[in-house]
There are 2 protein chains.
Amino acid sequence: MSQADTKQRILDAAERLFARDGYHATSLRSITTEAEANLAAVNYHFGSKESLLEATIDRRLRPLNEVRYGQLDALLQKTEETETIPSCRDVLRTFVEPTLRLRKQGSGAENFVALIGRTLAEPQGVAMSIFMRNMEPLLARLFQALNLSLPGISRQVLFWRVHFVFGSLSHMMRCHERHSIVPEAVSIDMSVEEEIELFLDFAVAGMEVHRS
Amino acid sequence: MSQADTKQRILDAAERLFARDGYHATSLRSITTEAEANLAAVNYHFGSKESLLEATIDRRLRPLNEVRYGQLDALLQKTEETETIPSCRDVLRTFVEPTLRLRKQGSGAENFVALIGRTLAEPQGVAMSIFMRNMEPLLARLFQALNLSLPGISRQVLFWRVHFVFGSLSHMMRCHERHSIVPEAVSIDMSVEEEIELFLDFAVAGMEVHRS
DNA sequence: ACCTGGTTCAAACGTTCGTTTAAAACATGT
DNA sequence: ACATGTTTTAAACGAACGTTTGAACCAGGT
């Protein structure tokens, strides 16, 4: 087996276990066991446990954010040419759609989505700063675009609503398994397209609503 | 110092540290140090680390849920007498308002709110089953009430939207400190009342919207 | 003054953790 | 076949963890 194989197997195992149990509750021994690698392989290939987490996040977040950034840029450029303003739904879609599609792509990507969901829930955690380093430029641009598409809403309210949308999205990302809250009668299986539109219905309505 | 003092001080410290760093990243040594108690005090008073977590959650969640349950019951009884249906906003308010008010009550309650926010983000974690044991009856009743107040919405869609609302709320509960996402210009300070209405504006709009 | 039940204390227990080491195994170019 | 640089391996490291122990301490009742 080549080096690349071992590195990938470790990344896959780390992705799954970090997502399932969290960073601190996952030991390097359990990762290397699942990856069928030697315990020392992590420190040899990645340097430390924290660097492994960083590599795990970076591997998928970098290309994901390039897609998101590309779609958002294309949307903004199109609306600029036609001298219209982008709809809130279209702006949010550039962020949400690549994320939820990633989950159905297979090869463990759904574990990554859950891992990011967890990361967003640990404000002071190790993973947060790794995550933020990748997200900051995109988030600034997203906020800017939303501000453009919702001119009637103050920046403060806009920020809070974006905050709420992130909460919903990260919660959705985290829970790809059946929760105990959900009654047995309710089917949670949907196509990606349904998932995306169901979420956008909710999020856009919340973003656009006027004070009651 | 009496027993009660030590137990309370340990609960307060555990609440703060579990909320800030998570269950696994918090050591009993750091808890007892902050509580100015002996290391063995946790096992003497609570039996184990996990039982301490349980006691930490139970202490505040039990009375909180009694308030929520009482308000929801009062609302449902009133609408039954007047033969009207409860509004989605009123139903959600019985759940959201006691929670957000708790945060401003002081005496470390804001740490508890953040701890619950974290708990909701760890589907397989130790805290989740402790949390769910307290929540299940209330959640069933809440779901039932929302189903009543939104007759036009299928159970499946309703479930997902409740899921989104929980995501937003738990995210709000988690982040009582300033995030790095939020631009410096935006003030995040609000009164409890403003917070509640801002959240309900968002959540109710998302719950009630018709497919676009 | 003495006993008693509850509480605190310092010290140690056995485990598990992330990391390091140095030798063995492997691959590759000559 | 040999030398070279990379990867894997088993073993060990010190540190930190949750938990247990047994003696010390402190109240209140007799």
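Predicted model: local features only at pLDDT ≥ 70, side-chain atom pairs only at ≥ 80, totals over all residues.
Reader: How do you know that chain B and chain A are related by a two-fold rotation axis?

Author: A rotation of 180° with 0.0 Å of shift along its axis superposes chain B on chain A, and the RMSD is 0.0 Å. The two copies are therefore related as by a two-fold rotation axis.

Reader: What makes you say that one surface serves both copies?

Author: Of the contact residues of chain B, 100% recur in chain A. The contact involves 55 residues of chain B and 55 residues of chain A. A residue is counted here if its heavy atoms come within 4.5 Å of the partner.

Reader: Which helices of chain B make up the side that touches chain A?

Author: Helices α7 (126–149), α8 (155–174) and α9 (192–208) of chain B each supply at least two residues of that side. The most comes from α8(B), with 16 residues. By residue class, the side of chain B that touches chain A divides into 29 nonpolar, 13 polar and 13 charged.

Reader: How many salt bridges and how many polar contacts are there between chain B and chain A?

Author: The count of salt bridges between the two chains is 0. To be counted, a side-chain nitrogen of Lys or Arg must be within 4 Å of a carboxyl oxygen of Asp or Glu. Polar contacts across the interface number 3 residue pairs, with both residues at pLDDT 80 or more. Over all chains, the structure holds 28 salt bridges.

Reader: Why is the pair A:E15 and A:R60 called a salt bridge?

Author: The closest N and O atoms of A:E15 and A:R60 are 2.7 Å apart, and the cut-off is 4 Å, so the pair qualifies. A:E15 lies in helix α1 (residues 3–21) of chain A and A:R60 in helix α4 (residues 49–81), so the pair ties together parts that are 45 residues apart in sequence.

Reader: Are A:E15 and A:R60 buried or exposed?

Author: Buried means under 20% relative accessible area. A:E15 has 1% and so counts as buried. A:R60 has 12%, so A:R60 is buried too.

Reader: What makes the link between B:E54 and B:R133 a salt bridge, and which parts does the pair tie together?

Author: The side chains of B:E54 and B:R133 meet at 2.8 Å, N to O, which is within the 4 Å required. B:E54 lies in helix α4 (residues 49–81) of chain B and B:R133 in helix α7, so the pair ties together parts that are 79 residues apart in sequence. B:E54 has a relative accessible area of 26%. That value lies between the cut-offs of 20% and 50%, so B:E54 is called partly exposed.

Reader: Where do B:E97 and B:R101 lie, and how do you know that they form a salt bridge?

Author: Both lie in helix α5 (residues 88–103) of chain B, 4 residues apart, about one turn of the helix.

Reader: Which residues of chain A are joined into one network by salt bridges?

Author: A:D12, A:E15, A:R59 and A:R60 are joined by salt bridges that share partners.

Reader: Why is B:T119 called buried, and which residues does B:T119 touch?

Author: B:T119, found in helix α6 (residues 109–119) of chain B, has a relative accessible area of 3%. The limit is 20%, so B:T119 is buried. Not counting residues up to four places away in sequence, B:T119 touches B:A127, B:M128 and B:F131.

Reader: How many helices and strands does chain A have, and how many of its residues count as buried?

Author: Chain A has 9 helices and 0 strands. Of its 212 residues, 55% count as buried. Among contacts in chain A between residues at least 6 apart in sequence, 73% join residues at least 24 apart.

Terms used: Residues numbered from 1 in each chain as written. Chains lettered and ligands numbered in written order. Heavy atoms only, no water. Least-squares fit on C-alpha atoms with pLDDT ≥ 70 in both. Polar contact = N/O pair within 3.5 Å; in protein donor to acceptor, adjacent residues only side chain to side chain. Nonpolar A, V, L, I, M, F, W, Y, C, P; charged D, E, K, R; others polar. Buried < 20%, exposed > 50% of the residue type's maximum accessible area, 1.4 Å probe, protein only.
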